[in-house]
Amino acid sequence: MTRFLPSSRPQIPATRGIYVFTLRLEPSELPAHGMILYMGITGDKSSATLRSRFGQYLQGQRRVDERPKVLDMLLRFEDHLFFNFAPIPDPAINLEALETEFLDAVDPPINERDYSGEFGRTRRSAW
């Protein structure tokens with residue numbers, strides 16, 4: 001886990017894996033905790049890495065993005081975002097399956113797709 005800042009980019013591994021944006025308000029009188037806002041994968045069907053994906057989100061803060069909820073998250077919580085990641089270099093591990101299971105279990109508020117069919121339909125009808 002690292003703060004979502006340009007200076008943190010070298011700490012992110014250049015490998016495939018999963019990542020999660022969390023919101024942690026600091027300073028706060030509340031006990032330390034984080035809220036999962038968004039989850040994604042990188043490198044499953046492309047050569048992208050956790051580090052390159054981190055950089056794409058940094059660039060997303062400076063331009064209009066095709067995903068308005070993601071852009072809103074990056075700008076609204078800019079000082080309180082953390083980038084959590086798990087490198088998964090083994091290409092035999094299906095990152096898409098991990099992503100779907102995670103999204104169905106946690107249901108982060110910023111994610112809009114990649115849920116299982118049944119859960120995705122239920123979620124869309126509720127929101």
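Does arginine 76 count as buried or exposed, and at what relative accessibility? In this predicted model, arginine 76 counts as exposed, at 55% relative accessibility. Its side chain meets that of aspartate 72 in a salt bridge, with an N to O distance of 3.1 Å. Aspartate 72 is partly exposed, its relative accessible area being 36%. Both residues belong to helix α2 (residues 68–76), where a separation of four residues corresponds to about one turn of the helix.

In total, four salt bridges are present in the structure. In another of these, aspartate 44 pairs with arginine 16 at 2.9 Å, N to O. Because aspartate 44 lies in the loop between β3 (35–42) and α1 (50–60) and arginine 16 in the loop between β1 (2–3) and β2 (17–23), the pair ties together parts that are 28 residues apart in sequence. Arginine 16 counts as buried, at 9% relative accessibility, whereas aspartate 44 is partly exposed, at 24%.

A further salt bridge joins glutamate 96 and lysine 45, whose closest N and O atoms are 3.3 Å apart. This pair links distant parts of the chain, with glutamate 96 in helix α3 and lysine 45 in the loop between β3 and α1, 51 residues apart. Lysine 45 is exposed, with a relative accessible area of 70%, and glutamate 96 is partly exposed, at 34%.

Helix α3 has Leu95, Glu99 and Leu103 as its buried residues. Viewed down the helix axis, these buried residues fall within an arc of 65° and therefore line one face of α3. The face turned away from the buried side carries the exposed residues Glu101 and Ala105.

Conventions: Residues numbered from 1 in each chain as written. Predicted model: local features only at pLDDT ≥ 70, side-chain atom pairs only at ≥ 80, totals over all residues. Heavy atoms only, no water. Buried < 20%, exposed > 50% of the residue type's maximum accessible area, 1.4 Å probe, protein only. Helix = DSSP H or I, 4+ residues; strand = E, 2+ residues; numbered from the N terminus. Arc of directions from axis to C-beta.
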